[in-house]
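Reader: I would like a close look at a single part of this model. Please give the cut-offs along with the values.

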Amino acid sequence: MSVVEKGLLKGCKGRIGEYVIYECRGKTCIRRVPGKEKILLTPEMLEQQERMAGVAALYQAVKAAGLLSGWKDAAREMQWTGYNLFVKLNQRVFGGTGKVGRFEELTLTVGDLENPPRMEVVRVDAEHVEVRWLEETSVRRCREDDHLGAVLLREEDGLGMAVPKIGDWQRKHCRAVIRLPTEEGKSYEHLFCYFCSADGERFSRSRYFLIH
């Protein structure tokens, strides 16, 4: 059993894959669903358990952010669940302590939309960044009214996620300005951008940017 003091799972309840999140004596706890037989866990098995707990926490946050539609569609073709596909693509990114080792390899959204060419992020000031890209009218299965979405992550006292309200910046605008939220002096430095169709059903694969 692990106690969640801070981070994405604080206050959550329910089951995610092989893990159960519950409240015990006012604390949020996470544990693996026990099997039929008691198994003595090796250090490697304990590391994998922590790794999977980290993936489950991130999946719960992605679900809360309303980004599961693309995962379900992509997994359906392989006769998987969205959760299984999420685990397959992201579990190797987490270390044995359950923390993200390589943010640049995380995948938060998947789908058949393509990202525009030459996407880049430029710092505007202490509170804002600008995302820029080139206009490309021939990109497969994309429309000029696809809108930009963004997710911010930080890993300090537990993995934290923020979904900034950036307004209706569309593919045809070739730019978007994002205001960076702060919490008690803590900043988010890992930015993931993606495009979503106007009906909110189709997504592109997330692109990672480190905010300096």
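Author: What follows concerns H190 and the strands around it. This is a predicted model, in which local features need pLDDT of at least 70, side-chain atom pairs count only at pLDDT 80 or more, and totals for chains, interfaces and linings use all residues. Residues are numbered from 1 along each chain as its sequence is written, and side-chain values use heavy atoms, with hydrogens and water left out.

H190 lies in strand β12, residues 190-196; strands are DSSP runs of E with at least two residues, numbered from the N terminus. Its relative accessibility is 7%, so H190 counts as buried (under 20% relative accessible area, 1.4 Å probe, protein chains only). Beyond its neighbours within four places in sequence, H190 is in contact with F103, V151, L152, L153, R154, Y208, F209 and L210, where contact means heavy atoms within 4.5 Å. With one of these, Y208, the H190 side chain makes a side-chain polar contact at 2.8 Å (a pair of N or O atoms within 3.5 Å; within protein, one must be able to donate a hydrogen and the other to accept it, and residues adjacent in sequence count only if both atoms are side-chain atoms). F209 is 19 residues away along the chain, with a C-alpha separation from H190 of 6.2 Å.

L153 stands opposite H190. Strand β7 (residues 147-155) has seven of its nine residues buried, and β7 pairs with β12 in the antiparallel sense over seven bridges; pairing requires at least two DSSP bridges between two strands. β7 also pairs antiparallel with β8 (residues 159-162), over four bridges, and there R154 stands opposite G160. Three residues separate β7 from β8 in a hairpin, and D157 in the turn has a positive phi of about 60°.

How values were computed: Buried < 20%, exposed > 50% of the residue type's maximum accessible area, 1.4 Å probe, protein only.
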